Amino acid sequence: MTVREILKMGDERLLRVAQPVKAFNTPELQALLKDLDDTMLAANGAGLAAPQIGVDLQVVVFGSGEVNPRYPDALVVPYTVLINPVLTPLGDEEEEGWEGCLSVPGLRGVVPRCKRLRYQGFDEKGQPIDRRVEGFHARVVQHECDHLIGKLYPMRVRDFSRFGYTEVLFPGLDDADD
Ligand code: NI
């Protein structure tokens, strides 16, 4: 088990456009995924992207298949490894929701995201993934895939009156962030 250091906002490596994965089902990719899993679990995150641990590849993991205690009202997001993703909005409808990020610890903000989304890509074995999702699942995918194009959620915040410290906004919530 290797819990890796999570880079924080301000680190230039979080601003890169990540490189596509060229070889699937390799020991290197398996090792990266294990580190992402271990790091996400240790931080109680809803997702984690390879650039957040300093790896310049288009790889994200998200979901748990269980209700996240920090988002008890959210629908269950299945555990997913998503590589070389392509996101296509389905319709123009946007939805606002609170987000946090392990690279922006201690803060939360309201971010508008596309409500319905198709996402395509590959799993770690190179098998295609093609899903249509909405709501929290769509939000998590958009947040994680933003990390692959150098975007952190504060760059998406439009109303900074709804951006602040978790402990102030949500007293009693544990201080983990995702
Ligand atoms: Ni994040």
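Mentor: Start with a term: a residue is buried when its relative accessible area is under 20%. Keep in mind that this is a predicted model.

Trainee: Fine. Are E99 and R113 buried or exposed?

Mentor: Both E99 and R113 are buried. Their side chains meet in a salt bridge, 2.8 Å from N to O. E99 sits in strand β4 and R113 in strand β5, 14 residues apart.

Trainee: Which residues are joined with them in one network?

Mentor: Salt bridges with shared partners join E99, R113, R139, D146 and R156.

Trainee: How many salt bridges are found in the whole structure?

Mentor: A search of the whole structure gives 15. One of them is between the side chains of E94 and R158, at 3.1 Å from N to O. E94 is in strand β4, while R158 is in the loop between α2 and β8 (163–165), 64 residues apart.

Trainee: Why does E94 count as partly exposed?

Mentor: Because its relative accessibility is 46%. R158 is exposed, with a relative accessible area of 61%.

Trainee: Switching to the metal. What coordinates the nickel ion?

Mentor: C101 through SG, and H143 and H147 through NE2, at 2.1 to 2.3 Å. The donor spacing in sequence is C-x41-H-x3-H. C101 lies in the loop between β4 (94–99) and β5 (107–114), and H143 in helix α2 (residues 135–146), 42 residues apart.

Trainee: And C101 and H143, buried or exposed?

Mentor: Both C101 and H143 are buried.

Note on methods: Residues are numbered from 1 along each chain as its sequence is written. This is a predicted model: local features need pLDDT of at least 70, side-chain atom pairs count only at pLDDT 80 or more; totals for chains, interfaces and linings use all residues. Side-chain values use heavy atoms; hydrogens and water are left out. Donors are N, O and S atoms within 2.8 Å of the metal (3.2 Å for Na, K and Ca); water is not among the atoms, so sites may look incomplete. Helices (H or I, at least four residues) and strands (E, at least two) are DSSP runs, numbered from the N terminus. Buried means under 20% relative accessible area, exposed over 50%, partly exposed in between (1.4 Å probe, protein chains only). A salt bridge is a side-chain nitrogen of Lys or Arg within 4 Å of a carboxyl oxygen of Asp or Glu.
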